[in-house]
Amino acid sequence: MIVVGGEALVDLVPGESIVDSGLTSLLPRLGGGPYNVALAAGRLGEPTAFLSRLSEDRFGQALRKRLTASNVDISLLQSGPEPTTLAVVALDERGAASYTFYTEGTADRFVADPGPLPEGVSVLCLGTLGLVLEPGASAYEAVLRRESARGVLTALDPNIRADLIADPGAYRERFLSWLPDVRLLKLSDEDASWLAGGIDPDEAAKRWLAAGVDAVVLTKGAQGIAVRTRELEVGVPSAPVKVKDTIGAGDTVQGALLAWLHNRNVGAITDLGVAEWRSALAYAAKAASVTVSRSGAEPPTAAEMV
């Protein structure tokens, strides 16, 4: 089973323009980076569970319902009376999204360490706000280190939200401390540059491999997806598509990669060769192309990938 841990929230995305106000209406869309990763893996037919703490409010109820409808196990979910995290989304002329978050006192940041995950868990994925906002960040970090020690394939997508990182230097140091316990690091080239203090993302990937990561996957927008390991480098182009918006694109890449690895019972990604990586990246690129072709984070189902 794949376990994805992190925040679930509600994106408020632009709708129709409000006459004479310069504003648009805001439409609620269920999301959050880890939440979207879990949806993608579950919809693609792989056994997936979501580890988080959700509000008991109406948004929290809707988040649970959508997980279940997407074949995601909710037995690891925790509940609380705190409100759901909100993210107000702005889209530029290319459909690229930026976010303003409302996280103070929200449910997902108070997730507790669940203890050892079930024996059937073979993949663990963490990232985004879950590893930024305390006290939940420390709980997820404890899960990462414990599951890595018992041989679970661990994956990390930092998915940087710089406005919520109060001390960038301290976060970068903490990020480096996670790398010996991370087998697969997936991130955008922009996030790679931010984490590495502005150096070239490919050079940063080499440093992170030297720090203990087995594979670094970089998403490059319209330029495609690339992976670098200590032995090889492979890239694939983006699948051609008319872009509606980019919300959830990177999350879909991560979910699809994990689904591909789980489906093939890949235990050690160091065993993958060029042809296998090319197949995995092409699968992820195709899944992301479906997501960006429609509004909001709507990863494809297995049937849509055929």
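Accessible areas here come from the Shrake-Rupley method with a 1.4 Å probe. With that in place, the protein exposes about 12700 Å², and carbon and sulfur atoms supply 54% of that area. Please keep in mind that this is a predicted model.

Now the overall build. The protein has eight helices and 15 strands. Along the principal axes, its C-alpha atoms fill a box of roughly 60 × 45 × 40 Å. For 306 residues, a compact globule would have a radius of gyration near 19 Å, and the protein comes out at 18 Å, so the two agree.

Next, the inside. Of the 306 residues, 54% count as buried. Take the contacts in the protein with a separation of 6 or more: residues 24 or more positions apart account for 69% of them.

A word on charge. The protein carries 28 positive and 38 negative charges. How far apart are the mean positions of the positive and negative charges? They lie 4 Å from each other.

The buried residues run from Gly33, Pro34 and Tyr35 through Asn36, Val37, Ala38, Leu39, Ala40 and Ala41 to Gly42 and Arg43. Among them, then, are Arg43 and Asn36 as well as Val37 and Leu39. Just after α1 comes Gly45, with a positive phi of about 95°.

Notes
Residues numbered from 1 in each chain as written. Predicted model: local features only at pLDDT ≥ 70, side-chain atom pairs only at ≥ 80, totals over all residues. Heavy atoms only, no water. Helix = DSSP H or I, 4+ residues; strand = E, 2+ residues; numbered from the N terminus. Rg over C-alpha atoms; globule rule 2.2 N^0.38 Å. Buried < 20%, exposed > 50% of the residue type's maximum accessible area, 1.4 Å probe, protein only. Contact = heavy atoms within 4.5 Å. Lys, Arg positive; Asp, Glu negative; His and termini not counted. Charge placed at Lys NZ, Arg CZ, Asp CG, Glu CD.
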